[in-house]
Amino acid sequence: MPLPAAPPPPESSPPPLPPTGRLARYLAMVWAVLTVYGSLYPFAQWRTDSVEPFAYLNFSWPYYWTGLDICLNVLVYMPMGFCVTLALRPCFKRQYWPVFFAALLGGLLSLSMESLQSWLPSRVASNLDLACNTLGTLIGALLAAWAGLRLAPFWQSARARVIAPLPHVDLGLTLLGLWLLTQLSPEFLLFGVGDLRQALDWLPTLNYGPGIYRRAEASVVACNLLAVGLFAGAMTRGRWLAFVLAPLFFFVAALIRSLGAALLIGPENFLVWLTPGAWQGLQLGGAALAVGLLLPRLGRLLLAALALLAGSILVNLAPLNPYSAAAVDLWLQGHFLNFNGLTRWIATLWPFLALPYLFLAS
């Protein structure tokens, strides 16, 4: 009896793509929102007469441009291309489709923003900006396609060892990244977030002496250090790992704060934020954090929520930062106008985004 014929070899299929998780999707959405805000800030004095939103789409070289403009327009869209590509990779079997759609989405976003800027007297729509934004998205997408397969195994391994298996943990990591971004602003009290006074056009009328200012600053720093430290510690897998990562997190925050002060005020002022009140708050908050990290994860999350609520109340009662006026005067120049509005918006809203998450993760 003849043996049955062997079945034909199966067609080769591409190797399965490693999972990227939700983090890239959260970051892509957040970066898109920040890009829209930065592109259209200050959202004022819109004009409606004699506006041609697509008049800039021509082949002529724009009259106003600098090398810094080109670099910033490329760099600001690179994270968009990187995150969108990683977020889309699980949806496609071939690597070039996520790159194509990421570049397309980045180009359409830039086209929309440049066209809307035609109605803003303070902004100038530019075909060069559109080209640089699209190029930046494409570069970020290509970097994600090149590095994604190489970095995904490392990220998954590190995530399994370091990150706690909490509900929506990627959203928590995104919120912590946004908090780090707020530290680039030298006009706020150290670690101070949730200040609603300028958003509500309300300023305190009480006269604060130097002693009260120092105690208020120390209280704001201590409460927010405790809140954010417990938040970051609750994201880690293991109690003792939190004792290592929480100080490292604040070391990175201090570096970002120093970099923001050096770039936006002056290199000689890179430690201008380390005032006596801030130093006292760092000591008090650090001691409280060392005790708080000994609590179970549920206790850390609840104490973080209470400390964040207290810090948000205190920052609205504290005296204004004496360096605020000088910082704002400097930032109201060039690209710092948009960046100032962006960081102010994030710092104002951050506690009201973090508090629901802390209760959700509990």
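This is a predicted model: local features need pLDDT of at least 70, side-chain atom pairs count only at pLDDT 80 or more; totals for chains, interfaces and linings use all residues.
Helix 1 passes helix 6 in a right-handed crossing.

**Helix 1 and helix 6**

Helix 1 covers residues 23-40 and helix 6 covers residues 169-182. Their axes lie 9 Å apart, at an angle of about 40 degrees. Angles under 35 degrees count as roughly parallel, so helix 1 and helix 6 are classed as oblique to each other. On the side of helix 1, the residues that meet helix 6 are Leu 23, Tyr 26, Leu 27, Val 30 and Leu 34. Helix 6 contributes Asp 170, Leu 171, Leu 173, Thr 174, Leu 178 and Leu 181. Sorted by class, this contact holds 9 nonpolar, 1 polar and 1 charged residues.

**Helix 1 and helix 3**

Helix 1 also packs with helix 3, which spans residues 78-88. Here the axes come within 8 Å and cross at roughly 145 degrees. This crossing is left-handed, whereas that of helix 1 with helix 6 is right-handed. From helix 1, the contact takes in Ala 24, Arg 25, Leu 27, Ala 28, Trp 31, Ala 32 and Thr 35. From helix 3 come Pro 79, Met 80, Cys 83, Val 84, Leu 86 and Ala 87. The residues of this contact divide into 11 nonpolar, 1 polar and 1 charged.

The table sets out the axis values for both pairs.

| Helix pair | Axis distance | Angle |
|---|---|---|
| Helix 1 and helix 6 | 9 Å apart | about 40 degrees |
| Helix 1 and helix 3 | within 8 Å | roughly 145 degrees |

**Phe 191**

Phe 191 is found in the loop between helix 6 and helix 7, the latter being residues 210-234. Although Phe 191 is not a glycine, its phi is positive, at about 65 degrees. Phe 191 has a relative accessible area of 4% and is therefore buried, the cut-off for that class being under 20%.

**Ser 312**

Ser 312 sits in helix 10, which runs over residues 297-317. Its relative accessibility is 8%, so Ser 312 also counts as buried. The side chain of Ser 312 reaches the backbone oxygen of Leu 308 at 2.9 Å. With neighbours within four places in sequence left aside, Ser 312 is in contact with Val 193, Gly 194 and Pro 351.

Definitions and conventions. Residues are numbered from 1 along each chain as its sequence is written. Side-chain values use heavy atoms; hydrogens and water are left out. Helices (H or I, at least four residues) and strands (E, at least two) are DSSP runs, numbered from the N terminus. Buried means under 20% relative accessible area, exposed over 50%, partly exposed in between (1.4 Å probe, protein chains only). A polar contact is a pair of N or O atoms within 3.5 Å; within protein, one must be able to donate a hydrogen and the other to accept it, and residues adjacent in sequence count only if both atoms are side-chain atoms. Contact means heavy atoms within 4.5 Å. Axes are lines fitted to C-alpha atoms, for helices over the stretch in contact, and angles run from 0 to 180 degrees between N-to-C directions. Angles under 35 degrees count as roughly parallel, over 145 as roughly antiparallel, 65 to 115 as roughly perpendicular and the rest as oblique. A crossing is left-handed if the near helix is turned anticlockwise from the far one by less than a right angle, and right-handed if clockwise. Ala, Val, Leu, Ile, Met, Phe, Trp, Tyr, Cys and Pro count as nonpolar, Asp, Glu, Lys and Arg as charged, and the others, Gly among them, as polar.
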